[in-house]
Amino acid sequence: MPEIFIDNKRYEYEEPGKVLQFMLDHGLDLPFFCYHPSLSIPANCRQCVVKAGMPVFDRDKGAYEIDEDGNRKIRYFPKLMTACSLDLADGMVIHTHHTDDLVKQAQADNLEFILINHPLDCPICDQAGECPLQILTYKYGPEGSRFEHKKVHKPKAIQLGPRVILDAERCINCTRCTRFTEEISKTNQLSIISRGDKNYPMTAEGEEFDDPYSLNTVDICPVGALTSADFRFKARVWEMNQTPSIDVSNGKGCNTYIWTRDNLVMRITPRFNEAVNDHWMPDAGRLSYREYNENRISKPHIRLNAGNQVKSSWNNAELTFREELEKRSADKIQVIGSPHASVEDNYVLKSSFEKLGVQNFSFVPHVIPGAGDDLLLTDDQAPNTNGVRALGYAATESGKLKKLIDSKKPSMIVILNDDLMGRTDAPPELFEDTFVVYLGTNHNETSKHADLVIPVTSAAEHAASYVNVDGRIQRTFPAKETLYTNRRLNLEMSMGRLDHYGTKFDNWVSDANRIDCIPAWEFFVRISPDSDRPDWQSSRDILDQISGEVPLFRDVSYERMDDENGIQLKLEQDSEVNTV
């Protein structure tokens, strides 16, 4: 097997590759700025320089030349090499800053050069706390600067597009952003303009940076030159909790991190998953943070005597629900599941009504033809269409819900978290003379016309699973507290510095942003008769039951999803798609 020696230690490798990526894969320390594993390699930051050499091979003797100490003679390249662009080679010898003073000095000199015109505005810079330039300067840079002249000042706070703002003087010309628009999103909207110490990324004159993936350039910008218009100056990274999750704004299910502070979602960023989204996610998924914070349904709502809705107690909501069920036979009840809700909530909704003898279960896929692309956006606007189908709900094509309701003539309709009226699949007159129960996360047109509204947790507030368009089941973790959850008691919730040390007297710790809602499955457990009440304590228990009953989910568990970063299901063989 080919071998390479890094700082006098031998390593073996199987596949061809670059020295920097090999070192990163093995947990070895080497600074860099412009390199990104999913982009091309320009090697223009010059920060990952190493001293490299090859053993001298005597072709006449067919053996390596040996020095006086009995070691292989090494012929080093005349100049330092950039490790990001240097191919692995059998017998190669690498010296980093740990074993070579020339490399160490080169890295320090390079950092001093980069910092000549870079503003030292770390106290106000949005990148502070997660800035490689700040961290690498501390670890590898010089103790001070010898530069005594006036810095070159470039434009600040340029609105490149609707979601991205540029502070040009922070740019170190790594070109990650321009390479992203050339190689990943392929819109070519950014290019480097000007030369020397005056250059920075910019759009063409009269054009704006409205790439549907534009915020990925904010993620990969190493120095805070590009910032998010929504998140800019809103919070510091050390103030927030970082919770793994998935994007529920479309069918791809991009892996994400949800960043929260004081029970508000401050931003959503992509999480690496090679099988789903690599390092990227669309802007639309990031902007869904607003739905987690704004216009939330908090506390049950009941319509009084066909008048306005009023807030009510949970006891009253549960009693009303039971009373309405007892008024009618099972064939007069229509249950509409949701591709926007989790596998667990849809399963509990269906199984609860099956016990009552109900047989009318359907859902309306949320598909917009042409909305998708060849990257991460899909025509399917819901995160769990395949999951709902697999549970046995019949798909009602968009626009045909009226025909279904007219044929069944139900006197009670139960809708799970899907704004059917908002997306014009259900006109308001369709639900006249019908008792409508809506279990949802946000106020919308459907909740407005419902007779009973039950507030349920969002994907940022519960642990639940979703099956994406490719048949991969992935799960969320609770990132926000509700009125009935607590980070200190829920072991699945991450805790930040403020959660550990904050008090009620801190500006960022309060109960004001805790929503009065519960998981949808918990509501159905509450209204179940005592004699037939399931003993589920969490969504984990529900998925365990699903995996034993539904063939598609056989052997699926939260533990496997965590260990395998999601599980690929065999949709074609096991799932059935029914339509009505």
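Trainee: Which residues of helix 2 meet helix 3?
Mentor: Gln-107, Ala-108, Leu-111 and Ile-114 in helix 2 meet Leu-133, Leu-136, Thr-137 and Tyr-140 in helix 3. Contact here means heavy atoms within 4.5 Å. Helices (H or I, at least four residues) and strands (E, at least two) are DSSP runs, numbered from the N terminus.
Trainee: And how does that contact split by class?
Mentor: The contact of helix 2 with helix 3 has six nonpolar, two polar and no charged residues. Ala, Val, Leu, Ile, Met, Phe, Trp, Tyr, Cys and Pro count as nonpolar, Asp, Glu, Lys and Arg as charged, and the others, Gly among them, as polar.
Trainee: Before we go on, what sort of model is it?
Mentor: It's a predicted model, where local features need pLDDT of at least 70, side-chain atom pairs count only at pLDDT 80 or more, and totals for chains, interfaces and linings use all residues. Residues are numbered from 1 along each chain as its sequence is written, and side-chain values use heavy atoms, leaving out hydrogens and water.
Trainee: Back to that pair: at what angle do helix 2 and helix 3 pack?
Mentor: About 140 degrees, with the axes of helix 2 (residues 101–114) and helix 3 (residues 132–140) 10 Å apart. That makes helix 2 oblique to helix 3. Angles under 35 degrees count as roughly parallel, over 145 as roughly antiparallel, 65 to 115 as roughly perpendicular and the rest as oblique. Axes are lines fitted to C-alpha atoms, for helices over the stretch in contact, and angles run from 0 to 180 degrees between N-to-C directions.
Trainee: What does UniProt list for residues 102–141?
Mentor: The unreviewed UniProt entry annotates residues 102–141 as "domain: 4Fe-4S His(Cys)3-ligated-type". UniProt positions are given in the numbering used here, feature names are shortened, and annotations may be inferred rather than shown by experiment. In the model, that span is 55% helix and 0% strand, and its end C-alpha atoms lie 14 Å apart.
Trainee: Moving on to helix 9, how does it pack with helix 14?
Mentor: Helix 9 and helix 14 (residues 520–527) pack at about 25 degrees with axes 8 Å apart, which makes helix 9 roughly parallel to helix 14. Asp-345, Val-348, Leu-349, Ser-352 and Phe-353 in helix 9 meet Ala-520, Trp-521 and Phe-524 in helix 14.
Trainee: And where does helix 15 come in?
Mentor: The axes of helix 9 (residues 343–354) and helix 15 (residues 539–549) come within 10 Å and cross at roughly 70 degrees. Those two are therefore roughly perpendicular to each other. On helix 9, Val-343, Glu-344, Tyr-347 and Val-348 make the contact, with residues of helix 15 including Ile-542, Leu-543 and Ile-546.
Trainee: How many bridges join strand 15 to strand 16?
Mentor: Six bridges join strand 15 (residues 255–261) to strand 16, and Tyr-257 has Thr-269 of strand 16 as its bridge partner.
Trainee: What about strand 10 and strand 13?
Mentor: Strand 10 (residues 164–166) and strand 13 pair antiparallel over three bridges. Ile-165 has Thr-227 as its bridge partner in strand 13.

How values were computed. Pairing = 2+ DSSP bridges.
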